[in-house]
Amino acid sequence: MNPNYQGNLEGAGLRIAIVVSRFSGEPCQLLLEGTLGRLQELGVDAQNIDVASVPGAFEIAGTAKRIQRQKNHDAIITLGCVIRGETPHFDFVAGSCATSIAKMSAKGKIPVIFGVLTTDDRAQALARCGGDKGHKGSEAADTAIEMANLYRNLSPTPTETKEEH
Ligand code: INI
């Protein structure tokens, strides 16, 4: 049976926001580059992409929430990198970041995509930014476009009509 509702990878006309943290340096920059490149390959106009830069993964969700409230975008992509070996409070930073973004994504009207790497070390992170484990930034772009188009095909739920964007 074919699904009733489906997304697609047509990015033309979509407005996308990216929230990217800077904490780990190179992996974060590579994630951003991969996301921007893939969004444009999928037809998103560069002028329809907004990027917010934040210090660390802990700041991503609050920033994404404020962008969500602007009601100017069809999807938000969150990008960042939390490395276990670089912090004794890995579980707090990674856990709070993932939980807050998951809540936003489930409750809000637009998709919020989780492109935050959580790895044991820097090599594992780099492997996921265009190395032998693929590119999580470019995958996040695909997911954002597919989900934005899927949500356009779905009616809002009764609670969402009362809720924030
Ligand atoms: N932030 C990250 O994005 N990645 C990390 O690996 C990290 N470590 O290792 O601590 C990290 N910490 C900073 C945190 O996200 C906040 O910026 C900081 O606690 C201020 O709120």
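Trainee: Which hand does the β-α-β unit made by strand 3, helix 3 (residues 90–107) and strand 4 have?

Mentor: Strand 3, helix 3 and strand 4 form a right-handed β-α-β unit; a crossover is called right-handed if, viewed with the strands pointing away, the path from the first strand over the helix to the second runs clockwise. The model is predicted, and local features need pLDDT of at least 70, side-chain atom pairs count only at pLDDT 80 or more, while totals for chains, interfaces and linings use all residues. Residues are numbered from 1 along each chain as its sequence is written, and side-chain values use heavy atoms, with hydrogens and water left out. Helices (H or I, at least four residues) and strands (E, at least two) are DSSP runs, numbered from the N terminus.

The two strands of this unit belong to an open sheet of 4 strands in the order 2-1-3-4, with parallel pairing; two strands pair if DSSP finds at least two bridges between them. Strand 2 and strand 4 (112–119) stand at the edges with a single partner strand each, so one side of each has no neighbour in the sheet. On average, and with direction ignored, neighbouring strands of this sheet are turned by 15° against each other, where axes are lines fitted to C-alpha atoms, for helices over the stretch in contact, and angles run from 0 to 180 degrees between N-to-C directions.

Within the unit, strand 3 and strand 4 run parallel and are joined by 8 bridges; at one of these positions L79 has G115 as its bridge partner in strand 4. T118 lies in strand 4 and, at 42% relative accessibility, counts as partly exposed.

The loop between helix 2 (60–70) and strand 3 holds K71, a residue other than glycine whose phi is positive, near 60°. Most residues other than glycine have a negative phi.

Strand 1 (residues 16–21) is largely enclosed by the rest of the structure because 6 of its 6 residues are buried. I16, I18 and V20 point one way from strand 1, and A17, V19 and S21 point the other way. Strand 1 is joined to strand 2 (residues 49–54) by 6 bridges, and the two run parallel; I16 stands opposite I49 in strand 2. Strand 1, helix 1 (residues 26–41) and strand 2 make a right-handed β-α-β unit.

The ligand has 13 residues around it, and A57, F58, E59, C81 and T87 come nearest; a residue is near a molecule or strand if one of its heavy atoms lies within 4 Å of it. A backbone N or O atom of C81 is 2.8 Å from a nitrogen atom of the ligand, and an N or O atom in the side chain of E59 is 2.5 Å from an oxygen atom of the ligand. Taken alone, the ligand exposes 460 Å², of which the protein buries 78%; accessible areas come from the Shrake-Rupley method with a 1.4 Å probe, and for residues only the protein chains shown count as cover.

Notes
Buried < 20%, exposed > 50% of the residue type's maximum accessible area, 1.4 Å probe, protein only. Polar contact = N/O pair within 3.5 Å; in protein donor to acceptor, adjacent residues only side chain to side chain.
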